[in-house]
Amino acid sequence: MIRNIVTIPDAALRLKSKRIGQVDDSIKQLAEDMIETTLDWDHDSEFGAALAAVQVGLHVKLTVVRSNFDDATDQTFLTFVNPEIVQRSSERVTDIEGCLSVPGYYARIARSKRIKVKAETLDGQEIRISLEGFAARVFQHEVDHMQGKLFIDMIKGPEDILELGEDQKLHPVDTIPDAILSSRQHTHD
Ligand SMILES: [Zn+2]
């Protein structure tokens, strides 16, 4: 089932997600729906890299992440239950990221280049993996969602922001757009 995606300025995006105790059928269904919702959202030049449960209005620690970010025809996902970042490299990289909950805008955001993560699968297996590059970025973005944080909180000025034009290309902005200004929260990150 395709679910509605919660977008800014909805305050539901700012609520913290809770740990999942036991994966029951409703969680499995939710994961399936989140994948279907992400694939349904794909259009034109944009495609969804991942989705956290909070983005469909459920505050549980669950995220689905695309297996292959370079090939939009690959429709497989990895599902992470209770994901946690256990280690972050001090080395950071800046790259462009977007969010299904922040339509029309992208931003240059600095994040740890490498992370070590811990999570569970839908079958209850604990997994520990090291991620680097864009996968590390996506994972950090999703874990932020579970803490009520959005990438727009990390924007320092208009020079960080790119707007998606009608031509489906990204364009610079002169000032921080109202949609972002009114929705962002300051962090010390
Ligand atoms: Zn997002």
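Five strands of this protein form an open sheet in the order β1-β2-β3-β6-β7, with antiparallel pairing, where two strands count as paired if DSSP finds at least two bridges between them. The model is a predicted one, in which local features need pLDDT of at least 70 and side-chain atom pairs count only at pLDDT 80 or more, while totals for chains, interfaces and linings use all residues. Residues are numbered from 1 along each chain as its sequence is written.

**The sheet**
- Because β1 (50–52) and β7 (126–132) stand at the edges with a single partner strand each, one side of each is left without a neighbour in the sheet.
- From one strand to the next the twist averages 40 degrees, with angles running from 0 to 180 degrees between the N-to-C directions of axes fitted to C-alpha atoms, for helices over the stretch in contact.
- Strands β2 (residues 62–66) and β3 (residues 77–88) run antiparallel and are joined by 5 bridges, and L62 has V81 as its bridge partner in β3.

**Helices on the sheet**
- Helix α1 (residues 25–41) packs on the sheet and touches β1, β2 and β3, its direction making about 40 degrees with that of β2; residues are in contact if their C-beta atoms, placed from the backbone, lie within 7 Å.
- Helix α2 (residues 133–146) lies across β1, β2, β3, β6 (114–120) and β7, and runs at about 125 degrees to β7.

**The whole protein**
- The secondary structure comes to 3 helices and 9 strands, taken as DSSP runs (helices H or I, at least four residues; strands E, at least two) numbered from the N terminus.
- The C-alpha atoms fill a box of roughly 50 × 40 × 35 Å along the principal axes.

Conventions. Two residues are in contact if their C-beta atoms, placed from the backbone, lie within 7 Å.
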